[in-house]
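Hello,

Here is the structure we talked about handing over. My notes follow below it.

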Amino acid sequence: HTITQFLLFGFPHHSPTLSTAAALRYYAADPSPSLAPPLCVDLSTSIELPGFKTTYDVIAEGEGTLLVQPKASVTVHATGIVAETGKKFWSTKDPGQKPFSYTAGVKAVIVGWDQGVLGMKKGEKRELTIPADEGYGKRGFPAWGIPPDGTLNFEIEVLSITPNKSEL
């Protein structure tokens, strides 16, 4: 499930846990928080992909009407973090890296990413939460620090979309 960002009001001794930008929990406290626990209202906006366990949050809306469809050529910025450790394992924004290009919807990347990017517009940013069985599975990817059964959080920004010529 989605890691949630907490906004804590009236509890200055707590440190917020940062993660999914669109998933919020609002804590409203009694004027004397030491006497009463906070009231919790879940404002999470994670969207589930039909038929998949991967979820996503829209961080920034895209522009135009062109959507990422299967067999389109897509170029993205991507940053991957292991949910269990909070460690970044890859980013196209790191020094020496460049945007990543691939063909969408044809299993050229892990399933959660492949499905999570479909339907995005140019300029759109999503945070994907990808469970292990739609990521690197029981083996993980030790060379990148992804443990067996590791959940992945990817921030994806679509930079360009070129539709498949047969779809035009």
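**The cavity and its surroundings**

The largest cavity is lined by His77, Ala78, Thr79, Lys93, Glu155, Ile156 and Glu157. Please keep in mind that this is a predicted model. The volume of this largest cavity is about 40 Å³. The structure holds one cavity of 30 Å³ or more. By type, the lining residues are two nonpolar, two polar and three charged. Strand 7 and strand 12 (152-162) each give at least two residues to the lining.

**His77**

His77 belongs to the lining of the largest cavity and sits in strand 7 (residues 73-82). The His77 side chain makes a polar contact of 2.7 Å with the side chain of Thr92. Beyond neighbours within four places in sequence, His77 is in contact with Thr92, Lys93, Pro99, Glu155, Ile156, Glu157 and Leu159. Lys93, Glu155, Ile156 and Glu157 are also among the residues lining the largest cavity.

**Salt bridges**

How many salt bridges does a search of the whole structure find? It finds five. Three of them are described here.

Lys93 and Glu157 meet through their side chains in a salt bridge, at 4.0 Å from N to O. This pair links distant parts of the chain, 64 residues apart: Lys93 is in the loop between strand 8 (88-91) and strand 9 (100-103), and Glu157 is in strand 12. Lys93 is partly exposed, with a relative accessible area of 47%. Glu157 is at 19%, so Glu157 counts as buried, the cut-off being under 20%. Both residues line the largest cavity.

Asp133 and Lys53 form another salt bridge between side chains, at 2.9 Å from N to O. Asp133 lies in the loop between strand 11 (125-130) and strand 12, and Lys53 in the loop between strand 4 (47-48) and strand 5 (55-60), so the pair ties together parts that are 80 residues apart in sequence. Both residues are exposed.

Lys88 forms a salt bridge with Asp94, with the closest N and O atoms 2.7 Å apart. Lys88 is partly exposed, at 45% relative accessible area. Asp94 is partly exposed too, at 25%.

**Gln115**

Gln115 has 23% relative accessibility and counts as partly exposed. Leaving out residues up to four places away in sequence, Gln115 touches Leu49 and Phe52. Gln115 and Pro70 are 45 residues apart in sequence, and their C-alpha atoms are 9.3 Å apart in space.

Best regards

How values were computed: Residues numbered from 1 in each chain as written. Predicted model: local features only at pLDDT ≥ 70, side-chain atom pairs only at ≥ 80, totals over all residues. Heavy atoms only, no water. Helix = DSSP H or I, 4+ residues; strand = E, 2+ residues; numbered from the N terminus. Polar contact = N/O pair within 3.5 Å; in protein donor to acceptor, adjacent residues only side chain to side chain. Contact = heavy atoms within 4.5 Å. Buried < 20%, exposed > 50% of the residue type's maximum accessible area, 1.4 Å probe, protein only. 1 Å grid on protein atoms, 1.4 Å probe; cavity = no way out; pocket = protein on both sides within 12 Å on 5 of 7 lines; lining within 4 Å. Points joined across faces, edges and corners; volume = space filled by probe spheres on them. Nonpolar A, V, L, I, M, F, W, Y, C, P; charged D, E, K, R; others polar.
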